[in-house]
Amino acid sequence: MASVSVQRGSKTLLDSIDWQVAEGERWVILGPNGAGKTTLLQIAGARVHPTTGVAGILEEVMGAVDVFELRPRIGLASASLTSQIPSHESVLNVIVTAAYGVTGRWREKYDQMDESRARQLAAGWGVAGLINRPFGSLSEGERKRVQIARALMTDPELLLLDEPAAGLDLGGREDLLQRLGTLAKDEEAPAMVLVTHHLEEVPAGFTHAMLLREGAIVAAGPLDDVLTSRNLTETFSLPLHIHKDNGRFTATAAVETASADVRDTPGPSGR
Ligand SMILES: Nc1ncnc2c1ncn2[C@@H]1O[C@H](COP(=O)(O)OP(=O)(O)OP(=O)(O)O)[C@@H](O)[C@H]1O
Ligand SMILES: [Mg+2]
């Protein structure tokens, strides 16, 4: 996308974003609440039009293409999409209806191939045993995996995940990260963009990162160039220290500032 801005009333949600995702790249987007991450994903998913600028998605230009033809080529999993899924809908239906870009099963006829693909995806994401359960009865972790299976149903060329690990317990998060890491390393897998609040949630195999702040890009590019203490500090307006261990990142507040306000007895500081 080139010079993409999104304006709502007097508020600028995105400010002149230039960004390209190439085939095979796996991007993570980080930034504070309200930075515009979800809005950016909505544009990449052909759900929202830019107010100004050009959004080119999979060789098509938004505004000049039928979005209903474009959307099945993009897999999207997000909280707003989940909230549209009727809670009585079976897991199988939740996955299979993605083939038709709808969330509730009505009168569409699904052929055998769709159904077997849905079952295959359910197995791949560890929810095969839940295939007949109502979506509303699943745990948060199970829902997340069903959503990703759904997002992959159309064999998309681009996979967009908005906070896929939000609300998961430690085991659930690690399980999901492992699955996403496996997908990231699969050369056949679509280009991926994952939004998260936590550096710990950057799956292994991810290649690029974007840091967003107040609708603008602080840094974007190869993962190791972008995820630095300095860039993170600027993005979150808080002195942060980044650690990388075994391919996984963590961030903590830089020691002096983190403890300055709460320390009542002087103790050893610094690590
Ligand atoms: N229709 C709208 N009118 C005015 N402001 C809006 C509208 N839609 C979104 N916003 C604002 O735009 C900003 C960016 O929202 P967005 O959902 O993209 O942020 P985000 O980075 O995904 O945040 P979070 O981390 O909390 O999910 C927010 O401040 C939000 O309140
Ligand atoms: Mg968001």
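In the hairpin formed by S10 and S11, two residues lie between the strands, and Glu-214 has a positive phi near 50°. This is a predicted model, and the phi of Glu-214, like every value below, is computed from it. Strand S11 covers residues 216-222 and is antiparallel to S10, with six bridges joining the two. Within this pairing, Ala-209 is opposite Gly-221 of S11.

S10 also has a parallel neighbour: strand S3 (residues 26-30) is joined to S10 by four bridges. Here Leu-30 is placed opposite Leu-211 of S10. Strand S10 itself runs over residues 208-213, and five of its six residues are buried, so S10 is largely enclosed by the rest of the structure.

A second hairpin is made by S1 and S2, again with two residues between the strands; in it Gly-9 takes a positive phi near 60°. Strand S1 spans residues 2-8 and strand S2 residues 11-17, and the two pair antiparallel over four bridges. Gln-7 is found opposite Thr-12 of S2.

Strand S8 (residues 158-162) is another enclosed element: five of its five residues are buried, which is why S8 counts as largely enclosed by the rest of the structure. Leu-158, Leu-160 and Asp-162 point one way from S8, while Leu-159 and Leu-161 point the other way, and all of them are buried. S8 pairs in the parallel sense with strand S7 (residues 74-77) through four bridges, and in that pairing Leu-161 of S8 is the bridge partner of Ala-77. S8 is also parallel to strand S9 (residues 191-195), this time over five bridges. Leu-158 is the residue opposite Ala-191 of S9.

| Strand pair | Sense | Bridges |
|---|---|---|
| S1 (residues 2-8) and S2 (residues 11-17) | antiparallel | four bridges |
| S3 (residues 26-30) and S10 | parallel | four bridges |
| S7 (residues 74-77) and S8 | parallel | four bridges |
| S8 and S9 (residues 191-195) | parallel | five bridges |
| S10 and S11 (residues 216-222) | antiparallel | six bridges |

Leu-40 belongs to helix H1, which covers residues 37-44. Is Leu-40 buried or exposed? Its relative accessibility is 0%, so Leu-40 counts as buried. Leaving aside residues up to four places away in sequence, Leu-40 touches Met-1, Leu-14, Ile-17, Trp-19, Ile-29, Met-210 and Leu-212. Leu-161 is 121 residues from Leu-40 along the chain, and their C-alpha atoms are separated by 12 Å.

Arg-145 sits in helix H6, residues 140-152. The cut-off for buried is under 20% relative accessible area, so Arg-145, with 15% relative accessibility, is placed in the buried class. Beyond residues up to four places away in sequence, Arg-145 is in contact with Trp-125, Gly-126, Val-127, Asp-175, Leu-176 and Arg-179.

Val-61 lies in the strand S6, made of residues 60-61. Because its relative accessibility is 40%, Val-61 counts as partly exposed. Which residues does Val-61 touch, not counting those up to four places away in sequence? They are Val-54, Ala-55 and Gly-56. Met-1 is 60 residues away from Val-61 along the chain, with 9.2 Å between the two C-alpha atoms.

The remaining figures describe the protein as a whole. It contains ten helices and 13 strands. A compact globule of 271 residues would have a radius of gyration near 18 Å, and the protein, at 20 Å, agrees with this. The C-alpha trace spans about 70 × 45 × 35 Å along the principal axes. Of the 271 residues, 46% are buried. The accessible surface is about 13700 Å², and carbon and sulfur atoms account for 49% of that surface. When contacts between residues at least 6 apart in sequence are taken, 58% of them join residues at least 24 apart. The protein has 26 positive and 35 negative charges, and the mean positions of the two sets are 5 Å apart.

Technical notes:
Residues numbered from 1 in each chain as written. Chains lettered and ligands numbered in written order. Predicted model: local features only at pLDDT ≥ 70, side-chain atom pairs only at ≥ 80, totals over all residues. Heavy atoms only, no water. Rg over C-alpha atoms; globule rule 2.2 N^0.38 Å. Buried < 20%, exposed > 50% of the residue type's maximum accessible area, 1.4 Å probe, protein only. Contact = heavy atoms within 4.5 Å. Areas by Shrake-Rupley, 256 points an atom, 1.4 Å probe, with all protein chains shown as cover. Lys, Arg positive; Asp, Glu negative; His and termini not counted. Charge placed at Lys NZ, Arg CZ, Asp CG, Glu CD. Pairing = 2+ DSSP bridges.
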